[in-house]
Amino acid sequence: MFRTIFLQIFIIIFIGNFSYAFNKKHEKEISKAKKLEYTADSLLEKEEYNPAVNNYLHAAMVFEQNKLWVDAVRNYRQTGWCYFKLNKIDSSQIYVNHSLEIYNKRLKQLTDQEKYEESELYYIQARIYLDKREFDSTFSYLEKGIKIINELNSTSNSYNTVLAKYFQTYGTSNYYNGNYDISLKYNFQALDIRQKELGKNHVDVLNSYFNIAIIYVVKRDYEKAIQNLRLIISYCKDEDRIWKAISYNYLGIINKRMKEYDKAIEYFEKALAIYQDEGKDPVMTAGIMNNLGEAYSSLEDFDNALKNLKRSLEIRKKHLGETHPFISRNYITIGKYYYQKEIYEEAILNFLKALEILDKNKSQDKLVKNQLYNLIGASNMLLNKNYEALDYMQKAICELIVGFDYNENLENPELFFEGANIINPEYEVLSKSILYENLINKAKIYIQIYEQNTSQVDKLEEALNTYKLAFKLLDIIRLEISNEESKYILGETEKSYYNEAIQVCLKLDSLFPERHYSEYVLEFVDKCKSSSLKDNSYITNALNKSNIPEGLKEREKELAKKLAYYNTQINKRNATLEKDTIESYKKKYHKLTVEYDTINNYLKNSYPNYYNLIHSDEFNIESIQSKINENEIILEYFVTNYNILIITVTNKDYEIVNVEIDTTFKNYVSKFYRGIRKVDIPGYIRNNSILYEKLIKPVISRIETKNSLIIVPDDYLFYIPFEAIFTDKNEGNAIDFRNFDYLIKDYEIKYNYSLNLWKFNNEISKTKNNFIGEFIGLAPVFADNDNLVITSLNDHDTATRSVNIDGVRFSTLKYSKKEIEEISKLFRENDKSIKSIFYDQATEGNFKNNASGYKYIHIATHGFSDKNNPNLSGLAFYASESNDSINSTRKEDGLLYSEEISSLDLNADLVVLSACETGIGKLVKSEGLIAITRSFIDAGTYNVIHSLWNVMDRSTSELMVEFYKHVLSGKSYSQSLREAKIKMINEINTCHPKIWCSFVLVGI
């Protein structure tokens, strides 16, 4: 018995000692594992991923052996995250999957912390599938994670920043999937949370700015992209300077796309210098080298291009292996290098290598595949392998449209449009802008097939149908770009594509005149004119006609006004503002831009009728003709390097005349303009002959039965005052400018920007009759003892009604007061209400506060023009204090800039800009001259009289008074201006065109 008890006691002691020893060992192992985890966390923070992996993995195994499941899960998850950061996607997925297995098997009743850990696993899974471009799985895991975080946030808001991370990744996924508006929405939500929770210069906030920037890049809204990238650079702390490098890299990409290759190289070099200095992320360093190589290639600096491209490929192969998806990007750029060198077979080989890598990785990145198919197609076209080219271009299109499968007939997708939306339920278009480019390239291939075999007329018809679809997409793309400068960049290439389509139409019309292909010529010519101005007019009309709440409309207008103010202040040259103030304005401008875009996206999604109204005004020649009077004719011009199309439209018919020119014709136009402006009489007369021969004589039989011309110029023809063109019969006679047979002697003349805009404004203007007064006239005069100093205009290409005193002060305009007084007297004699404002009462603030609601607005002052930045052209007033919604009280500088004018709501029937060069500005393809006039049209005016050069104070005053005499007698604006000019022509002292011809009417 004692023996048994002794044995039991011995066993108990033994087990106790063993258990104690075991527990000691167990605690030691766990303690060691926790130290490993702590070390790994430190290494991860330093971005030393390889040693971090070793520590996390060792710790995870210890925790799993000891059944500490939550700790095990976290360390396996972090192992997966490190592998993800090392671009070892397969290894990453193994450990994340193992973590999820433990969760599903071992953990049932989860604490909040454990739920959070689970959401982090879903987040990494989503990132993995995003890298693999498997979007269905990406969205599935994101939605699971967001659901958990929303549940946790229901009891505490401490997970807001985690939610922001999910929103950003959701936005990124939609970006890669081509859903750019959705992507912007979620990235803005992430930005909003991060700014509130983390502060304006936290690294996660910078990340949000960057994501928003790259969305704007792909939407071609380059100016907004640049704003976001510059914000990153300005907010960057020293420890986050890598974000400067990332921003410089993308600024390089943007400038490369804008064909500013020298600037692009400068930015890439800045980015590369930071990365090499940091000694981190060789894969990203290689990416910048790849971009640098492409920029050098575009400049045809092929030695530097190849050096960078080869080095980039070596680095990526070393760190990622031969078949990593990133390697495909290198082969794409190398292929582009050979394409640039016109070695197309070698280009195709590299593009095919890139495709092979993507296929091996089972990539679902449709945008990259689209790019490759497009490049292979373009290369084959240049090798005259047209059907191979068509085949690849069709594959490119299929990659962009979910639900549209490849077909051997190479048919275009049947996209149905309603307003600004593609509504075919069968298809989802991943990128409208890329699809537009693919369709243009496909049309070019059809044209080449026809040119090589003219019996294949059906290919011309296929080209036309493809262009029509492309241009419909372009209408929507333009509307999604809110920044004017970005629209102008788009217009640089837009016109050449329209010209290609026009030539197709002309050829088809010559082959099949009974099919009326010429109607498409009229449509295409008009579509590529002043697109931005038309968009703005349609948007304003849609805002007024749709059922949008008044508060929302007012907020939209208020934001537009604030954006105009801050953008003007930022862009002023030689401004007196402190650097900190300018930076403050930039940040306010960006914040307002975010809100403005948010409102516009809301309008698009919540008020579809608004966007339908914007696109409801399709081109229809019959509706245009219905607005033309019996005695009127429209002359619309379309200029290329080799020909001018002159389209004449009456209320009954239209004709198209093709006039051949060469590249010297532009010089004749310039010399004609300069001949009038500089009073170079021989130059004016000599170059007039050429202009008459090319611009008027081909259509003289069409216009001679009419008495009113509506001229729609194009390109550099905007500089021509057609009134001053005269017939050849004057040559050889004694020079007496009173006797010249000017066009103005036979015709009333007015100008417009496009046929459709003329028709649209004709319709809208008839609804305007709620004027509070007839005439308002403003003349600051700038008396000798009270000259205004204009220091903020020192660097401007400044033009004034007469001249500036010493280049820095406005000279007195003594006849401007007389001008307003005499015009006001005419109105009073006709029992019309008037308001006249002179001297220091003629302030910028008084103009803004009083001008709205008057039928006639007349401004007699100095004008100034900036041909590089037309937003900085404007009119001179006196400075004043102003109370408004931008600042409670701020100092108006007295200089009313174009962009500020655009944001006003004037509602006038006529604005007369009795100042210098108000119709001169920056010449932009597909837009014409961007000048002050357009700003007044944007502000709701449909008739504007502007000047084409510096004008004299006294003669301007006389012309204007005479003009209003005829207006008040009941004559039209164009007829009244004609009568005033003819009176000046008949006087010996005012008969030279420089004196009477500067002022022209743009209107209806």
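The protein carries 127 positive and 139 negative side chains, and the centres of these two sets lie 4 Å apart, where Lys and Arg count as positive and Asp and Glu as negative, with His and the chain ends not counted, and where each charge is placed at NZ of Lys, CZ of Arg, CG of Asp or CD of Glu. The model is predicted, so that local features need pLDDT of at least 70 and side-chain atom pairs count only at pLDDT 80 or more, while totals for chains, interfaces and linings use all residues. Residues are numbered from 1 along each chain as its sequence is written, and side-chain values use heavy atoms, with hydrogens and water left out.

**Overall build**
- The secondary structure comes to 38 helices and 24 strands, which are DSSP runs (H or I of at least four residues for helices, E of at least two for strands) numbered from the N terminus.
- Of the 1004 residues in the protein, 58% are buried, meaning under 20% relative accessible area, with exposed over 50% and partly exposed in between (1.4 Å probe, protein chains only).

**Around V70**
- V70 lies in helix 3 (residues 69-85) and is partly exposed because its relative accessible area is 24%.
- Leaving aside residues up to four places away in sequence, V70 touches L107 and E114, a contact being heavy atoms within 4.5 Å.
- Although V70 and E114 are 44 residues apart along the chain, their C-alpha atoms are separated by 7.1 Å.

**Around R674**
- R674 belongs to helix 28, which spans residues 665-677, and counts as partly exposed because its relative accessibility is 41%.
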